[in-house]
Amino acid sequence: MPSREPPDLDRYRAYLHLLARLNLADRLRGKFDPSDLVQQTLLQAHQNLGRFRGRTDAELAAWLRQILAHHLARLIRDFARAKRDVAAERSLEEELGASSARLGDWLAADQSSPSDRVARDESAVRLAEALADLPELQREALVLQHWQGLSLAEIGERLGRTPAAVAGLIKRGLRRLREVMHERAEP
């Protein structure tokens, strides 16, 4: 029986980074870097690749989200020096899944006909990679508006910009995001 080629886990780095950033509590952002969580997640995934039984990219993304949720829960637990709360860990897994679904929903809303779940999960990974290529302020404004649902005024407060400036960041960010996605889709 021929063995299948191991998946390229690094391909999910931008996707996991976006999810870690979205789900790392504000009180922890100054103390911990989402990149460290992603690195731990990918390291554990690489070490346990033999245990992964999925066959699709969507199953691999779900497995990686579960590992990331575990690391987030441990980080929160260690920070709070509290007992392990399995319910909190489960809710983190659910929140990561919801963040990923919001990413897919945003993609589906921007398309004329929504694709099936597997294609949306693949698109979510590509979207996260494209977001990583945007200038930091544009990326932050898009994330705050589309995934965290903040108003232009709230985003402006966080970024130290006026609502009009935030609107410009979002407009330029969306335009550049579409360009990057289009460039990557071309053979």
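In the predicted model described here, Thr 41 touches Leu 16, Leu 64, Ile 67, Leu 68 and His 71 when residues up to four places away in sequence are not counted, a contact being defined by heavy atoms within 4.5 Å. Thr 41 is found in helix α3 and, with a relative accessibility of 0%, counts as buried (buried means under 20% relative accessible area, exposed over 50% and partly exposed in between, with a 1.4 Å probe and protein chains only). Leu 16, in turn, touches Val 38, Thr 41, Leu 42, Leu 64, Arg 65 and Leu 68, again without residues up to four places away in sequence. Also in helix α3 lies Ser 35, which at 33% relative accessibility counts as partly exposed; Ser 35 and Ala 14 are 21 residues apart in sequence and 9.4 Å apart in space, C-alpha to C-alpha.

Residues are numbered from 1 along each chain as its sequence is written, and side-chain values use heavy atoms, with hydrogens and water left out. As this is a predicted model, local features need a pLDDT of at least 70 and side-chain atom pairs count only at pLDDT 80 or more, whereas totals for chains, interfaces and linings use all residues.

The chain contains nine helices and zero strands, where helices (H or I, at least four residues) and strands (E, at least two) are DSSP runs numbered from the N terminus. Of the 187 residues in the chain, 41% are buried, and among contacts between residues at least 6 apart in sequence, 64% join residues at least 24 apart.

A search of the whole structure finds one aromatic pair, for which ring centres of Phe, Tyr and Trp (its six-membered ring) must lie within 6.5 Å, planes under 30 degrees apart counting as stacked, over 60 as edge-to-face and the rest as tilted. This pair, formed by Phe 52 and Trp 63, is tilted, with 5.0 Å centre to centre and 35° between the planes. Phe 52 lies in the loop between α3 and α4 and Trp 63 in helix α4, so the pair ties together parts that are 11 residues apart in sequence. Phe 52 is buried at a relative accessible area of 10%, and Trp 63 is likewise buried at 16%.

In α8, the buried residues are Ile 155, Gly 156 and Leu 159; they cover an arc of only 105° around the axis, which puts them on the same side of α8, the arc being that of the directions from the helix axis to the C-beta atoms. These buried residues pack against α7 and α9, and just after α8, Gly 160 takes a positive phi of about 70°.

The chain averages a pLDDT of 76, and 72% of the residues score at least 70 (pLDDT is the predictor's confidence in each residue, from 0 to 100). Over residues 82-87 the pLDDT is below 50, and this stretch has four contacts in the model beyond near neighbours in sequence. Where pLDDT is low, the predicted coordinates should not be read in detail.
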